[in-house]
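Q: Hey, I'm new to this one. Can you walk me through its aromatic rings?
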Amino acid sequence: MRILVLGAGALGGYFGGRLQQAGADVTFLVRAGRRTQLERDGLVIESRHGDARLEVRSVAAGDVRPEFDVVLLTCKAYDLDAAIEAIEPAVGRETAILPVLNGISHMEVLNARFGRDAVLGGVAMIGAVLAPDGRVRHLDDNREIVFGEQDAPTSPRCEALCRAFAAAPGVEVAAVPDILRQMWQKLIMLGTMASATCLMRANIGEILRGSAEGGALLRRILQDTIEIARAAGHPPGEAFVVQVRAMMSREASTATASMLRDLEAGGRIEAEHITGYLLRRAREHGLDDTLLATAYAHLKAYEQRRKAGRLPGADA
């Protein structure tokens, strides 16, 4: 199985590097600066589940051919159009595309461009960052990748890819028959956390300890996202609902969304793809959109300030 990984950042670098450690045939499609860094220093992973420094094969956009069995798509949602242009020459008739982007909206775009049968659903649960010096730093114990066919319980390609990941150190993997529900469950968690922590500029514990009103707001956003998923035809499992409610009730929690970290650094954010998407679906189904609309307005105002160069450290 030949695997092309778009990017060698936090997600692509971690999962692609772990696959290579297990002996998989992996190529990284990267920009010129990152390619120079990889050729000079190798792909460096720092993790409590094992450090690694790997010599990797990399290519630039325009140099790929339709010779890959799987393309692992790990870009930010706002870079999806550019990512599609980069991977399109690598996609042959039998190539499977596995996106592990945040949200759901990218699936519609990929299905339209490559055909629904070519696109797997995927979820990555990992806390990782790409350090300025090019190291991939794994921050927590999460290291899970889950995927599956959109319209079938399983397939030989999913089973083969699952075996490849299962052999990789520092990875937990599952090929599941209900990947769209799994993606919606992640969106419930991420949409709640991103909307609440960005709106309040605080982590979950700080919101809960700060006031009863903060806790009520957090619980209300969570319930709103659950109702959106149900209305969309992808109700979350009861065990998940119990788990996520407990997660959003821990006063000692230091959890934040990556969107808050990006916002506090003056960076680009996935406002349209997370909170904006949930807001649009709430309105589509006639559900209460008050808190999501407030969080969305807050995020879009931030984007305007960033665009005007009025944020410390912003790169407009």
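Predicted model: local features only at pLDDT ≥ 70, side-chain atom pairs only at ≥ 80, totals over all residues.

Q: How do Phe15 and Phe165 pair up, then?
A: Phe15 and Phe165 make an edge-to-face pair, with 6.3 Å centre to centre and 85° between the planes.

Q: Which helices do Phe15 and Phe165 lie in?
A: Phe15 is in helix H1 (residues 10–21) and Phe165 is in helix H5 (residues 156–166), so this pair ties together parts that are 150 residues apart in sequence.

Q: Are those two buried or exposed?
A: Phe15 counts as buried, at 0% relative accessibility. Phe165 is buried too, with a relative accessible area of 1%.

Q: What about Trp184 and Tyr277?
A: Those two form a tilted aromatic pair: 6.2 Å centre to centre, with 45° between the planes. Trp184 lies in helix H6 (residues 179–200) and Tyr277 in helix H11 (residues 275–284), so the pair links parts that are 93 residues apart in sequence.

Q: And is Trp184 buried or exposed?
A: Trp184 is buried, with a relative accessible area of 4%.

Q: New topic: where does Arg2 lie?
A: Arg2 sits over the face of Phe68, 5.1 Å from the ring centre.

Key:
Residues numbered from 1 in each chain as written. Heavy atoms only, no water. Phe/Tyr/Trp six-rings, centres within 6.5 Å; stacked < 30°, edge-to-face > 60°. Helix = DSSP H or I, 4+ residues; strand = E, 2+ residues; numbered from the N terminus. Buried < 20%, exposed > 50% of the residue type's maximum accessible area, 1.4 Å probe, protein only. Lys NZ or Arg CZ within 6 Å of the ring centre and 35° of its normal.
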